[in-house]
Amino acid sequence: MSSATSAHSVVEPSATTKRIAGIIVVLYAVITMVPLAWIFMTSFKSPPDSISYPPKVVFTPTLEGYCNLFTTRTRQTPEYIQSLGPPQSICDEITRSRNMVIAGPSNYWPRFTNSMVIAFGSTFLAVFLGTLAAYGFSRFRVPLADDLMFFILSTRMMPPIAVAIPIYLMYRELGLSDTALGMILLYTAVNVSLAVWLLKGFIDEIPREYEEAAMIDGYTRLQAFRKVVLPQATTGIAATAIFCLIFAWNEYAFAVLLTSGSAQTSPPFIPTIIGEGGMDWPAVAAGTTIFLVPILVFTILLRKQLLRGITFGAVRK
Amino acid sequence: MINSDTTILEKSAKHAATSTPVSLARRIGGLSDRAIAWLFITPTIALLLAINIFPLIWAIRLSFTNYRANRPNAVLENVGLQNYHRVLTDSDIWIAMQTTAHFVFWTILLQTLIGFSLAYLIDRKFRGHAFWTTVILIPMMLSPAVVGNFWRFLYQPQIGLFNYIVSYVTGVPPSSFEMLGSVSLAPWSIIIVDTWMWTPYVMLICLAGLRSIPDYIYEAAEVDRASAWRQFWSITIPMALPFIMLAVLFRGIENFKMFDMVMLLTGGGPGSTTEVASITLKREAFESWRTGRASAFAIILFVAVFGLANIYVKALNKVKQR
């Protein structure tokens with residue numbers, strides 16, 4: 001008993017080491033969070049507060065950034081504004097205090113919706129195709145399996161701009177430019193490589209004996225796949241889906257080159273938010289905050305699977 | 001056991017009952033393994049052929065022509081290898097390749113040093129290390145374009161938080177330097193953002209490497225009275241090396257293709273000081289509309305990335321074998 005304890009303590013760092021390590025890591029984590037905290041704070045600042053020098057840490061929070069993000073406004077004379085009825089909403093009130101009236105909704109919400117439709121659509125397809133292919137590669141002897149797997153991976157290694165040139169021409173011919181369908185197909189193709197690699201790893205971990213037992217029980221191969229393998233692979237499929245979702249959500253290069261209007265997603269749109277006379281930083285910060293929140297949630301959900309996801313399943317804990 | 005025996009009986013009974021009429025469901029359900037394998041794999045391969053390989057072949061074809069995407073009806077001329085020759089002798093493109101190399105080198109160096117150190121410290125397993133690891137990982141999950149855009153705000157010369165903190169620490173007036181606007185600082189402003197964003201990536205892989213080293217090796221070294229320093233250099237580093245290599249190769253490939261973050265931070269400027277290969281390619285293809293020549297450049301980049309990817313997969317398999 002005592003020898004076991006001492007053997008363990010050899011590799012167990014001393015209390016002082018732990019404390020110093022902890023302090024440095026926490027310090028790094030805090031510093032690394034400053035930019036994000038700053039963006040979050042800026043989204044609640046008024047435009048003058050956002051560009052004051054020295055930068056304001058203490059300020060009166062306002063929803064002006066969020067109001068400006070979701071609306072377009074026009075400047076009016078104070079007399080005209082006085083002649084209007086009582087303000088309809090908090091945004092109405094804030095806008096009027098700047099001598100402006102709300103002219104209509106901005107493009108932020110439609111772009112956000114596009115991002116969701118394209119991200120979920122492509123994730124569903126990529127995971128669906130990826131699960132089938134991964135099962136095929138995991139369980140059957142496929143000729144040239146290694147070459148095919150490498151081919152699948154290599155498609156993800158291509159520089160996006162280089163892929164975008166012929167895709168741009170092809171989509172122009174097929175009428176897929178600036179359509180959600182075109183973007184869904186493109187992101188599916190990019191994500192399916194990740195999905196196959198990750199899911200193959202997860203399915204490899206499910207013992208073949210489970211299916212074999214089910215097949216002895218009279219299940220066909222397809223039934224065994226549906227009723228035995230799929231339920232076992234749920235965690236892996238969910239993790240893969242979140243990785244695909246994050247990629248499609250964050251993607252910029254294809255989006256900026258292949259969409260311009262009706263199918264534009266959030267990442268190319270957010271940098272184009274500008275106010276009267278220069279950047280409207282609180283509105284940009286508000287748009288960034290809303291865009292990043294889903295990613296934060298997903299990162300926390302995924303934290304145990306992150307390592308696998310970023311290495312295409314090569315490294316598992 | 002008993003249960004499965006009865007199901008076998010049931011199954012054979014069922015089989016006898018349904019063996020004569022061959023229904024569609026049965027025909028699909030009874031597909032041979034080989035047929036199922038192809039049925040499952042083909043859709044993925046077909047999609048990749050349609051969205052990746054067909055356009056690639058198209059690009060190869062265009063790279064031998066003078067095609068311009070903004071004049072689709074102009075007469076197409078074959079120009080042979082002229083595009084490749086022009087790309088490889090174009091000094092602007094070589095400058096872009098140098099800019100890319102500079103960016104890749106410094107980001108990898110910084111990220112490996114900081115990332116490995118962090119992983120080493122986290123592996124001391126202080127209280128709360130799991131929570132702080134998750135916090136540190138957040139930047140790498142964000143959209144590089146959106147990250148680039150909000151760092152542009154932090155880098156503003158007069159009002160930006162970055163300039164303020166630097167001037168607070170060093171005493172230099174905050175409006176005396178422009179991170180994004182000056183020729184000497186702009187490349188570093190990109191390296192800083194990339195390091196902020198991707199150090200967690202290297203850290204996470206290094207952490208896996210450190211955790212893969214079994215305790216008994218350290219215990220044996222302790223018995224042999226190897227110093228902590230010696231243990232670090234003869235056990236920790238060599239055993240974590242394949243993981244570090246994996247991180248370096250992956251970051252190398254990703255940063256070689258870097259487009260979105262740089263586009264949003266500097267757009268390649270000032271002048272062309274931060275114009276990495278992908279931005280040059282974008283300008284050739286979608287601003288100058290020299291589609292043929294841009295395709296040739298794209299193919300050259302493909303080949304380079306493909307070479308790197310090959311090395312990457314080999315390294316990957318080595319890590320897997322452990």
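The model is predicted; local features need pLDDT of at least 70, side-chain atom pairs count only at pLDDT 80 or more, and totals for chains, interfaces and linings use all residues. Residues are numbered from 1 along each chain as its sequence is written, while chains are lettered from A and ligands numbered from 1 in the order in which they are written.

Chain A is divided into domain 1 (47–106) and domain 2 (109–310), with bounds that come from an automatic or database domain assignment. The C-alpha centres of these two domains of chain A lie 38 Å apart. Contact between them involves 10 residues of domain 1 and 10 residues of domain 2 of chain A; two residues are in contact if their C-beta atoms, placed from the backbone, lie within 7 Å. On the domain 1 side, the largest share, six residues, comes from helix H4 of chain A. That side has six nonpolar, three polar and one charged residues. Here Ala, Val, Leu, Ile, Met, Phe, Trp, Tyr, Cys and Pro count as nonpolar, Asp, Glu, Lys and Arg as charged, and the others, Gly among them, as polar. Helices (H or I, at least four residues) are DSSP runs, numbered from the N terminus.

Two packed helices are described by the angle between their axes and the distance between the axes. In chain A, the axes of H10 (residues 180–204) and H13 (residues 234–250) come within 10 Å and cross at roughly 155 degrees. Axes are lines fitted to C-alpha atoms, for helices over the stretch in contact, and angles run from 0 to 180 degrees between N-to-C directions. H10(A) is therefore roughly antiparallel to H13(A), a label for angles over 145 degrees. Residues of H10(A) including Tyr187(A), Leu194(A) and Phe202(A) belong to this contact, as do Gly236(A), Phe243(A) and Ala248(A), among others, in H13(A). By class, the contact has 12 nonpolar, three polar and no charged residues.

Between the chains, 88 residues of chain A are in contact with 86 residues of chain B. Helix H2 (residues 15–42) of chain A gives the largest share of the chain A side, 15 residues. That side has 67 nonpolar, 15 polar and six charged residues.

H2(A) also pairs with helix H7 (residues 144–154) of chain B: their axes come within 11 Å and cross at roughly 80 degrees. The two helices, H2(A) and H7(B), are therefore roughly perpendicular, the term for 65 to 115 degrees. Pro35(A), Trp38(A) and Ile39(A) in H2(A) meet Phe150(B), Trp151(B) and Leu154(B) in H7(B). The residues of this contact divide into six nonpolar, no polar and no charged.

Terms used
Angles under 35 degrees count as roughly parallel, over 145 as roughly antiparallel, 65 to 115 as roughly perpendicular and the rest as oblique.
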